[in-house]
Every structure is written in structure tokens, then in C-alpha cells.
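Please open the structure in your viewer and keep the selection tool at hand. The tour begins with the whole chain and then moves from one selection to the next.

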Amino acid sequence: MSVRKIAHRLFLFLLLSVMALSAGTLFYHFVIVPGRNQQMTEQLKEDYSPKPVPGEASPEAASPTEEPAGKESCPAMVDLTALQEQYPDVKGWLTIPGTGIDYPVLQGSQAEPEYYLRKDYQGTYNINGSLFFQWNCVIPDGKNLIIYGHNMNSGVMFGKLDSFVDEGYREAHPIVLLQMLDGVHEYRIRAVLKADVSMFDFRQAVFSEPDGLQEYLQKATALKVAGDSGKDRNPVQLLTLVTCSYEWNGARTIVIAVRETEE
């Protein structure tokens, strides 16, 4: 066999090896890791499922009319108190029914605001990271609760936020549920934006002016690429979900949802 043929075969072998390695890496990151994360989240939710109190009706049996005015009518998703005893940085649980977004929400500190960018709820390195509140959000009473998550190609974490640009998808999934220590609150999606911080400062967790929340919501509505054009009755709290977008450097997909009370 000539040296030329040997070199050609060696080149083909190396090429096939690189392709196999690349395929294996993609399979690991797009199938194995997301599947493992999903199992971890499902197990966490099962381990900390709400425990019925003896003598009290189950959350499913309670009628919304039995709830005091201004209180949540949705059943608890997890036993958050018990979950926080084990993992103190878990400050809430976010669910958008029917989308696969169903995760604990953590919070770092001022010193390490993005601590959970590449870590799971156990503090272990994870390429998918976790959903996490902005470090200065006041849980549960802040006027604007800002939650970040990776836009993963596998669809996990906030990989589905881009889908809310589509009117049909948004109409099929209009409600966001956030459980905090004071209960489960319902938010209705109001605006979907493609913006960066120079266009819209989604990082505003605190408003110094009395009408700051309304101004924030009005600006978001003016810039929205999609969303509900209806008027909010009496917005008391906003939920701002943020993930990376790739239309330009610094672009973000931002979904803003509103919690209301009756006037």
C-alpha cells in the first residue's frame, strides 16, 4: 500500500473520529444533560410535593370563592417552606402550564448575583444553569420580580420564551404561575419584547416614583413585538422573564406578565 493511500485512510479515520466525537458531544448536551435535568426537577417536585394538613381540605377541593380577597386560588406546587430548609436560595417555583417551564427559582447575592447562571439548585456546575431572581428583587413583595434563565437550544430553562412571540402560542399559554412563601400568584402575559438595556431597562426592580410601575409597563407595551393590548385593571406586581436573544449583540427576549387585583 502506498504512502498516499495510507495518508488518505488516516485522514478519513481522523475525520470520522472528529464527526463521531462531535455527534456524541451534541447528543450529550442536547439529550443526556437536559433529560437528566428534567429528572432532577421532577424528583425535586415530587420530594417536596405539598403535604395535606390533617383536618383541612386538599388544595384541589378548595373552591376559589372560599379564598379571602386578594389571596391566591391556585393550589401550591411544592412545599416551599420545607424546600427552603434544605436549599435556602430557592425563593420560589415558576410554572407556565403546558410549556415545560416548571422550575425552582433561586437567588444569588449582591456579591455573586449570577451564582446560579451555571449551577443547579444544589450548587453543582450545570451548563443549563437555573432560573434565578435578580439579586435585589424583594421576595415576595417587590413591584417587579425579574427572573433570568438560559435560552437553551434543547428547550429547557427559558428555551421556550421565544415562542411567546407567536400569537397562537401566547394565546394557548397566557398564564404564568409563581409560588412564593405567601402563596401561588397568577400573572397574565402582557408584553413580549426584543430589546437590550439601552432600549428598555428590564433590570428595574425598585421604583422610586409612585407611578414607576405603570411607566415601566407602558414603555414595555410601546416597545412590544407581541402581547395583549388590553388595559390592566389594577396591576400590583410585574413579573419580568429575561433570556438571551441573538438578533444583535446584547439582545434579550423579555416576557412581562401582570398580577392584578380587582378595583
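The protein contains 4 helices and 9 strands; helices (H or I, at least four residues) and strands (E, at least two) are DSSP runs, numbered from the N terminus. This is a predicted model, in which local features need pLDDT of at least 70 and side-chain atom pairs count only at pLDDT 80 or more, while totals for chains, interfaces and linings use all residues. Residues are numbered from 1 along each chain as its sequence is written, and side-chain values use heavy atoms, with hydrogens and water left out.

**The whole chain**

Colour the chain by secondary structure and follow it from the N terminus: the elements run α-α-β-β-β-β-α-β-β-α-β-β-β. Of the 263 residues, 41% count as buried; buried means under 20% relative accessible area, exposed over 50%, and partly exposed in between (1.4 Å probe, protein chains only). Among contacts with a separation of 6 or more, 64% join residues 24 or more positions apart, a contact being heavy atoms within 4.5 Å. Now show the surface: the protein exposes about 14600 Å², and carbon and sulfur atoms supply 55% of it (Shrake-Rupley method, 1.4 Å probe; for residues, only the protein chains shown count as cover).

**Helix α4**

Next, select residues 212-223, which form helix α4. At 1.5 Å a residue, its 12 residues should span 16 Å, and its end C-alpha atoms are 17 Å apart, which agrees; the expected span is 1.5 Å times one less than the number of residues.

Which residues of α4 are buried? They are G212, L213, Y216, L217 and A220. The face turned away from the buried side carries the exposed residues Q218 and A222.

Select M199, in the loop between β6 and α4. At 35% relative accessibility, M199 counts as partly exposed.

**Around W135**

Finally, select W135, in the loop between β3 (131-133) and β4. W135 is partly exposed, with a relative accessible area of 36%. Not counting residues up to four places away in sequence, W135 touches Q107, G108, S109, Q110 and P113. The C-alpha atoms of W135 and Q107 are separated by 6.0 Å, although these residues are 28 residues apart along the chain.
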